[in-house]
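Good morning. Please look at the sequence and the model on the screen, and I will go through how the parts are arranged.

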Amino acid sequence: MGSWQDDLRGALDGLAYGARSALSPSVLQGAAVELGWLTTHLAMYPLGLINGTQRALPSRLNLAGLGPAQRGLLVSDVRAAGTPILLAHGIIDNHTIFALMRRQLVRRGFSSIHTFSYSPLTLDVRRTAERMGQEIEAICEESGSDQIHVIGHSLGGLIARYYIQRLGGDERVHTCVTLGTPHQGTIAAKLLPWPLVKQVRPDSDLMAELAEPAPDCRTRFVAFYSDVDQLIVPQRRARIRHPDLLASNLRIHGVGHLSLPFHGEVVHQITGMLAHLDEQPKTA
């Protein structure tokens with residue numbers, strides 16, 4: 001059977017899978033929440049186009065003006081508070097998707113927060129991962145920190161994983177948190193012939209490369225995945241399944257793909273785990 005026929009069959013399988021669960025109560029509830037967040041995000045999206053990459057927040061040198069939570073983190077673990085955090089958005093998106101998370105990280109006491117942006121015309125995960133690595137090196141040099149955390153939504157998480165796993169980024173990234181990232185590819189990607197989307201198909205060369213051995217990878221991975229994610233088909237493909245990676249997979253109930261960076265429970269868990277650098281989250 002030809003390649004286009006395989007793609008068509010895969011796309012139809014994905015549509016059939018979605019149709020079977022589309023009317024379940026959890027999916028309907030998730031869709032309603034997703035619509036609300038989508039409306040809010042669309043209103044904020046133009047700000048990301050105007051401002052481009054957001055600058056880092058200035059590092060704190062004293063406790064003046066800080067709230068109790070901020071003071072607590074800075075006093076209890078200055079290393080956790082000062083470790084830079086890089087936020088990487090998904091495809092056809094920008095840093096405004098992290099507006100709530102950024103605000104909560106600041107309230108928790110984290111003092112060095114950056115964003116990584118890339119064009120929706122990007123064609124290759126590998127090259128974008130190389131550019132992420134260059135930006136991380138610049139952040140570490142500027143901040144004086146030898147490590148960083150990365151939080152990636154959707155494709156942003158896959159870019160971060162490639163940098164860590166294939167480009168030696170585990171020397172720099174302490175913790176990589178991914179939200180709705182197609183770690184094992186997604187059947188939904190068979191619906192579009194776009195080169196970048198082809199890379200997140202389950203049978204792509206990129207997926208095969210990420211399945212290769214990664215001995216001694218030191219980064220802690222935490223993958224959040226939703227049971228009603230509309231773009232990761234089936235949803236379990238947002239989990240990390242690799243024998244060499246130190247990974248926890250956390251299942252979130254009833255939250256759509258776009259809503260993951262805004263969801264209160266997700267944001268709360270992330271701020272908590274980054275405040276405790278050496279604790280491994282429980283897998284769900």
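Helix H5, residues 99–108, lies across E1, E2, E3 and E4 and runs at about 160 degrees to E2. Helix H6 also lies across E1, E2, E3 and E4, at about 160 degrees to E2. Axes here are lines fitted to C-alpha atoms, for helices over the stretch in contact, with angles from 0 to 180 degrees between N-to-C directions; contact means heavy atoms within 4.5 Å. Helices (H or I, at least four residues) and strands (E, at least two) are DSSP runs, numbered from the N terminus.

A word on the source. This is a predicted model, where local features need pLDDT of at least 70 and side-chain atom pairs count only at pLDDT 80 or more, while totals for chains, interfaces and linings use all residues. Residues are numbered from 1 along each chain as its sequence is written, and side-chain values use heavy atoms, leaving out hydrogens and water.

In total, the protein has 10 helices and 6 strands. What is the strand order in the open sheet? The order is E2-E1-E3-E4-E5-E6, with parallel pairing; two strands pair if DSSP finds at least two bridges between them. Neighbouring strands are turned by 15 degrees against each other on average, direction ignored.

Now to E4. This strand is joined to E3 by 6 bridges and to E5 by 5 bridges. Val 150 stands opposite Cys 176 in E4, and Leu 179 stands opposite Phe 224 in E5. E3, H7 and E4 make a right-handed β-α-β unit: with the strands pointing away from the viewer, the path from the first strand over the helix to the second runs clockwise. Of the 7 residues in E4, 7 are buried, meaning under 20% relative accessible area with a 1.4 Å probe, protein chains only.

The largest nonpolar core has 34 residues, and Leu 86, Met 132, Ile 136, Leu 155 and Val 173 touch the most other members. Such a core is a set of buried Ala, Val, Leu, Ile, Met, Phe, Trp, Tyr and Cys residues joined through side-chain atoms within 4.5 Å. Its largest share, 7 residues, comes from H7. Among the residues that Val 173 touches are Ile 136, Val 150 and Tyr 163.

Conventions: Buried means under 20% relative accessible area, exposed over 50%, partly exposed in between (1.4 Å probe, protein chains only). Lists of a residue's contacts leave out its neighbours within four places in sequence.
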